[in-house]
Amino acid sequence: MTTALITGATAGIGAAFARRFAAARYDLVLVARDVARLENSAAELSLLGAAGVEVLPADLATAEGRALVEDRLADPLRGIDVLVNNAGFGQGSAFLSHPVEDEEAMLDVLVRAVLRLTRAALPGMIERGRGAVINVSSVAGFVPRGTYSSAKAWVTNFSESVAAEVYGTGVRVIAVCPGFTHTEFHERAEIDTGDIPGWMWLEADEIVEGALKDLRRGVPVSVPSVQYKALTAVAKLVPRNLVTKVSRGMSKRW
């Protein structure tokens, strides 16, 4: 039996991972802040075929919340085979437009939680000789667009580094880098998406399928769509000052 722990499991890409694993009859551990949504998700996933569903309410922006999840990941009697670090949020305004405490909370969830949860999960996985850590990053990490993109650049680099470190142990680590995706993310961040072209939008389920395919192939960084593969390839070739200029224009527009 395989057990997957998913953070940010009640919506968006996290919920898509949960549905995919439920259909494969995994045991699931769902992490999110909203208890009611966790319980509703648990009921739905049981109907989809999950072997068992455990809910773990935790706020990853706090040390206490992170410690709860770390303890669950490190429990030697209830091993976790797959960790999906998906929890996250963005800011709908520029860096200087809101309190620095908001930026720090975002770093706690996007960076500190990813680091600590990965560190808690890996020793048990390596000892058992199997497992996977899936870190949901973003193509935003390939362009300079504030604290969010900086954090996602760290997630991608961190995942690549750890993947190299655990190579040959039976454990795999991957960063998944989607683009604009139909989820609650932009609405919660109060980001106006009306001008974003339709071809740039992805569905959470297709991101999950692409990520799992790349995980099986041993790819450390997954960009699960043709259009974003092309855009990230161009971003790597174009001079950095031009990428920054384009990114600045996009930020003002969106």
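These entries cover an arginine and then the aromatic pairs.

**Entry 1, Arg 66.** I note that the model is predicted. I located Arg 66 in helix α3, which spans residues 63–74. I then asked which side chain of opposite charge is nearest to Arg 66. It is Asp 108, 4.2 Å away. A salt bridge needs a side-chain nitrogen within 4 Å of a carboxyl oxygen, and I record none for Arg 66, although Arg 66 is buried. Leaving out residues up to four places away in sequence, I listed the contacts of Arg 66; among them are Asp 59, Asp 108, Arg 112 and Arg 116.

I searched the whole structure and got three aromatic pairs. For Phe 17 and Phe 21, the ring centres are 5.9 Å apart and the planes are at 35 degrees, so I logged the pair as tilted. Both residues sit in helix α1 (residues 12–23), four residues apart, which puts about one helical turn between them. Phe 17 is buried at 0% relative accessibility, and Phe 21 is buried at 3%.

For Trp 154 and Phe 158, I have ring centres 4.6 Å apart and planes at 10 degrees, so this pair is stacked. The two residues are four apart in helix α5 (residues 146–165), again about one helical turn. Is Trp 154 buried or partly exposed? Trp 154 is partly exposed, with a relative accessible area of 26%, whereas Phe 158 counts as buried at 16%.

How values were computed
Residues numbered from 1 in each chain as written. Predicted model: local features only at pLDDT ≥ 70, side-chain atom pairs only at ≥ 80, totals over all residues. Heavy atoms only, no water. Buried < 20%, exposed > 50% of the residue type's maximum accessible area, 1.4 Å probe, protein only. Lys, Arg positive; Asp, Glu negative; His and termini not counted. Contact = heavy atoms within 4.5 Å. Phe/Tyr/Trp six-rings, centres within 6.5 Å; stacked < 30°, edge-to-face > 60°.
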